[in-house]
Amino acid sequence: MKEKLKQIHDRAISTLKEISQIKELEEAKVKLLGKKGELTAVLKEMGKLAPEERPILGQLANEVRQDIESKLEEAKKRLLAAEQEMRLKSETIDVTMPGKACVCGHKHPMSIVIDEISDIFIGMGYEIAEGPDVEKDYYNFEALNIPADHPAKDEQDTFYINGDILLRTQTSPVQVRTMEKGKLPIRVICPGAVYRSDEVDATHSPVFHQLEGLVVDKGITMGDLKGALAVFAKELFGEDVKVRFRPHHFPFTEPSAEMDVSCFACGGKGCRVCKGEGYIELLGCGMVHPKVLKMSGIDPEEYSGFAFGMGLERVAMQRYGITDLRLLFENDMKFLKQF
Amino acid sequence: MDIPMSWMKEYANVTANLKEFVEAMTMTGSKVEGYTTMGGAIKNVITGQVKAITKHPDADKLVITKIDTGSNELTIVTGAANLKEGDYVPVAVDGAVLADGTEIHTGKLRGVESQGMLCSIQELGFDLHDFPEACEDGIYVFPNAVELGKDVVDVLDLKDDVVEYEITSNRPDCFSVLGIAREAAATYKIPFQYPVIAVKELAGEKASDYISVAIENPQLCPRYAARVVKNVKIEPSPRWMRKRLRAAGVRPINNIVDITNYVMLEMGQPMHAFDIDTIAQRKIIVRNAKEGEQITTLDGNVRNLDTSMLVIADPEKAVAVAGVMGGENSKISEQAEAILFESATFHGSNIRVTAKKLGMRTDASSKYEKGLDPNLALEAVNRAAQLVEMLGAGEVVHGVVDCYPSKRESWSLSYSPQWINGLLGTDISEKEMIEIFERIELKVDKENHTVTVPTFRPDLEGQEDLAEEVARFYGYDKIEPTLAAGTPTVGKRSYSQNITELVKKNMIASGLCEAMTFSFESPKVFEKLNIPSESHLRRVVTISNPLGEDYSIMRTTTLNGMLTSLATNYNRRNDSAGLFEIGKVYLPKAVPVTELPEEIPTLTIGMYGKMDFYDIKGILEQLFEVLGMTEKAEFATEKNIPWMHPGRTASITAEGRQFGYVGELHPQIASNYSIGTKVYIAVLDMPALVEYSNLVNMYQPLPKFPAITRDIAMVVKEAVTVKEIEAVIKKYAGQYLESVTLFDVYQGKQIGEGLKSVAYSITFRASDRTLVDQDVTDAMKEILEGLSKEVQAQLRDK
């Protein structure tokens, strides 16, 4: 009987080694350890043994059973691991194939620029003011210290609806509308479309965008103007950008200035883009002319302010390397999807 | 404006190098646009002498020359016929560069080696106007012997640095050599030397014996000064004058014309010269043109004048368009014996308008239009007389006929150093300010803190203008940047601006790209869009001076811009396109326009490609969800939009007001735009989205008790809408109804002609208990009866 147990054990070990499928393993388990299994059959014969042999053989039978069980467990683990490995292998895919298309829209590059600049000024305490595109001559010119026969009126070839109503040539009328509301202090920017009668070509468009800024408060200085715009330039173009303010003339500011930023192409060394100057003109600015304050009902003795304005197409074109303005208005998906 | 450095230096002796100078000028307000060196491109062109000329063996039109350049003898082949032995000529030797950048190398011409090239005056960048002695089509031959082997640029004195300035409209005084010299002197704190003007006159006759002047409209002509020159000898002006004119960009003509141009460039005062014999009765009258009056100007064109324009006339005829161009009838001929130099002041904007109307903006008009100082006129005419004398171009008759009814006087302005420092944010001493004022020729009264402004500075009107003068010479770059103190403000977008941003983000999340189109368009779009003739959309804001009909009306619908963009994509073979735009439409309150129109921001979506109506509707439903207005926004069948597909369009309303529509574009309109596929469009009023949006929803407790869901499928007539069915379900479902979800619509043979099958999941839930079967069975019974009664639905067998 001892011999029988040993045979069962040996056979079991060798059978288990050869099993390669979970199903076979289950069958082997039943055959070895099941109610009608070989080991059970041997144990059933225990009664025939002498009483003193029973505990010895009983123990032996237990050991055999435990060993088979643990071997079965091992074999099961081995088979499961093998099976998983097989499955993983069979599931291998070509990960270099393109992903499934997920439709994704894009913001217009002009909007990206407008939003980015707006966010910079919002962070500095500015609100966004808006005004009409179809504007009164008064707001577009007269209230900005551009009287009827001023050359600036010609320079900005204006689209007229009638003698008093026109398409705004600049976003500056929003300054006047904001001041007229009488709520002080003022810190606003105004991005928007403006109109000038230029034929469409690679660098001109009768419709383009400007962003205007206005600050009016007690004790505002030209130093404050420089400070605000220097912060803006660094936020927009990066910490390394250099700014330069030089005198200029606008009817609605005095003193007036233009702000240049160091050339994006050469960083200020001088190149073809900046015509060797190292700087590129970015915006016009100045201290709000006392006449303009007065016309809008603000006492220039008590309040002062600064204003600035810039063309946005140029900022977008420089940033994205766009060389033809017309692309911005064509709305070709192949263009829009690039931003 | 181009100003030659050598000319300017005569009045302000700047010693800085050119690069440093242009930067300094830019920083004090005379913006330099660029600078070049006239003659600067020419390299290795030297003087040589023709030693021998022989025929080319293989070419009739070429000759072989031996040229002595002092240190070398060169063989040079040339085609010119004007040479003779002994001539001194410019020689471009091997490696030379001509004025236009052409490089010259030794090479063979018809088999004979040529070690360079002999140059014409054109090849040196000039013409006969500059060097009247030059041969018109041949090699330039020096009129006198020259030292051999010398740089021709030096020998002919070709070189000058020329700086181009951007002059702002407030500084007419800077449109001149003297104006820029004055600024340069102030920039470098060096003396400004005004030219010494002294006129040698003939004794005896007076100018007033020759001519009389009457100004009929002193408003438009504040001053008219005239001098007379007799025994005129027309000839080329001297080289130094021709060189300066050319460097300043003006072509030399003859001594008299050159003098007028020279004075204009130097002093900023345009001048005109008349042949005095052409002036009837020797009487100059400055008057407005007559209705229908015509004049042939010097350029040979007949100009139709109107009564707003000022002319210079004699009692019989107009002889010049004042401040713009002289008349053909009074021009100086070679035979002219006596001439009249006009130095007048005209009203700036009147000249500007006249020049614009006549379509001829001249050097003179562009100077006048800025508004000139009348006090300049006399100095200028004297300067011209001085030059006439100097050049031997004629004899100056004694005296000036000067008609100057009301003299422009200088004015004074008070200043407060404290106020100026307060505005600039600086701490500049009064002493420094005074020093700056004096540099720009303001007379300072230190005691009273006032300055007297010279009449050539009309831009200085108030203390803020003085502040700018202080700032620009103190240095804008020295003003310390500060961050404004004062009352803090909150930076933010308004609610409606936030909604706009949210809409944009949502459109982009839905896969659409943002478009940007023009807000004006052609009135032809109404036909293209099939907009009925009585539609209010045809009432438009019209531009009175458009770029053309295509840009002549402000749009009342955003569709044309969108469809044009889609058509662009379609033409360029983009398989699909999905665009949105938030742009305005402009609706006039009255036509013709008497007040500002209403400007309504509008969201427009346009798409084509693999999609159907429910794709674009889905985009809107998602938008409404994000804006918290799903409950408010209702879609309903809309058959009456002429440019939309009558069976595939829905109106969108909220609180009984229609604020948009969505659907398929009418195929005829798609075809009008040459789009050969189905186009889907949605148009929504932005202010309505702002009004109906609700970004703050109150919390609803999460359900505690389970729901019960029942599915039903029914057959109804095709024309019954899902909206109608849902309304019935909601009406009969009772208090426990939670949701009604459509999950299938089917049409086909099994159902029968004109019918459709519609299937719903209906979910019930109570907030206070678990529903039992009976609750739902009762509700479903009600629903089915309701459906059968109201939409004749038949329950479909499973």
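**The nonpolar core and its surroundings**

Analyst: The largest nonpolar core has 282 residues, and those with the most contacts inside it are Ile211(B), Ala226(B), Val311(B), Ala322(B), Ile339(B), Leu340(B) and Ala384(B). Helix 10 of chain B, residues 375–391, supplies the largest share of this core, with 8 residues. Apart from this core lies another one, of 15 residues, including Ile708(B), Met714(B), Ala733(B) and Ile762(B). All of this is read from a predicted model. In soluble globular proteins, nonpolar side chains tend to be buried together.

Leu340(B) is one of the residues with the most contacts inside the largest core. Leaving aside residues up to four places away in sequence, Leu340(B) touches Ile211(B), Ala226(B), Val228(B), Ala273(B), Phe274(B), Ile276(B) and Ile279(B). Two of these partners, Ile211(B) and Ala226(B), are also listed among the residues with the most contacts in the core.

Helix 7 of chain B packs against some of the elements already named. The buried residues of this helix pack against helix 4 (177–188), helix 6 (239–247), strand 14 (272–275), strand 21 (339–345), helix 9 (363–368) and helix 10 of chain B. Helix 7 covers residues 255–267. Because 12 of its 13 residues are buried, helix 7 of chain B is largely enclosed by the rest of the structure. The buried residues are Asn255(B), Ile256(B), Asp258(B), Ile259(B), Thr260(B), Asn261(B), Tyr262(B), Val263(B), Met264(B), Leu265(B), Glu266(B) and Met267(B). The length of helix 7 of chain B agrees with expectation: at 1.5 Å a residue its 13 residues should span 18 Å, and its end C-alpha atoms are 18 Å apart. After helix 7 of chain B comes Gly268(B), with a positive phi near 85 degrees.

Asp615(B) belongs to helix 17 of chain B, which runs over residues 613–626. Asp615(B) counts as partly exposed because it has 15 C-beta neighbours inside 10 Å, whereas a buried residue needs 20 or more. Phe274(B), one of the residues that Leu340(B) touches, is 341 residues from Asp615(B) along the chain, and their C-alpha atoms are separated by 78 Å.

Chain B as a whole has 21 helices and 39 strands. The chain is divided into domain 1 (2–35 + 163–188), domain 2 (43–155), domain 3 (207–403), domain 4 (413–478), domain 5 (495–692) and domain 6 (708–795). The C-alpha centres of domain 2 and domain 5 of chain B lie 71 Å apart. Taken along the principal axes, the C-alpha atoms of chain B fill a box of roughly 130 × 85 × 60 Å. The radius of gyration of chain B is 42 Å, while a compact globule of 798 residues would have one near 28 Å. Of those 798 residues, 42% are buried. Among contacts in chain B with a separation of 6 or more, 69% are between residues 24 or more positions apart.

Chain A is the partner of chain B in a contact that takes 72 residues from chain A and 80 residues from chain B. Helix 9 of chain A, residues 222–237, gives the most to the side of chain A that touches chain B, with 7 residues. By class, that side has 35 nonpolar, 17 polar and 20 charged residues. Helix 9 of chain A has 16 residues and reaches 22 Å from its first C-alpha to its last, close to the 22 Å expected at 1.5 Å a residue. Within helix 9 of chain A, the buried residues are Met222(A), Asp224(A), Leu225(A), Lys226(A), Ala228(A), Leu229(A), Phe232(A) and Ala233(A). Gly238(A) follows this helix, and its phi is positive, near 110 degrees.

Chain A has 13 helices and 9 strands. Its radius of gyration is 43 Å, well over the 20 Å that the globule rule gives for 339 residues, so chain A is more spread out than a compact globule. The C-alpha trace of chain A spans about 135 × 45 × 45 Å along its principal axes. The domain assignment gives domain 1 (2–90) and domain 2 (109–336) for chain A, and the centres of these domains, taken over C-alpha atoms, are separated by 89 Å. Buried residues account for 41% of the 339 residues of chain A.

Conventions: Residues are numbered from 1 along each chain as its sequence is written. Chains are lettered from A and ligands numbered from 1 in the order in which they are written. This is a predicted model: local features need pLDDT of at least 70, side-chain atom pairs count only at pLDDT 80 or more; totals for chains, interfaces and linings use all residues. A nonpolar core is a set of buried Ala, Val, Leu, Ile, Met, Phe, Trp, Tyr and Cys residues joined through C-beta atoms within 7 Å. Helices (H or I, at least four residues) and strands (E, at least two) are DSSP runs, numbered from the N terminus. Two residues are in contact if their C-beta atoms, placed from the backbone, lie within 7 Å. Domain bounds come from an automatic or database domain assignment. Ala, Val, Leu, Ile, Met, Phe, Trp, Tyr, Cys and Pro count as nonpolar, Asp, Glu, Lys and Arg as charged, and the others, Gly among them, as polar. The expected span of a helix is 1.5 Å times one less than its number of residues. The radius of gyration is taken over C-alpha atoms; the globule rule is 2.2 Å times the number of residues to the power 0.38.
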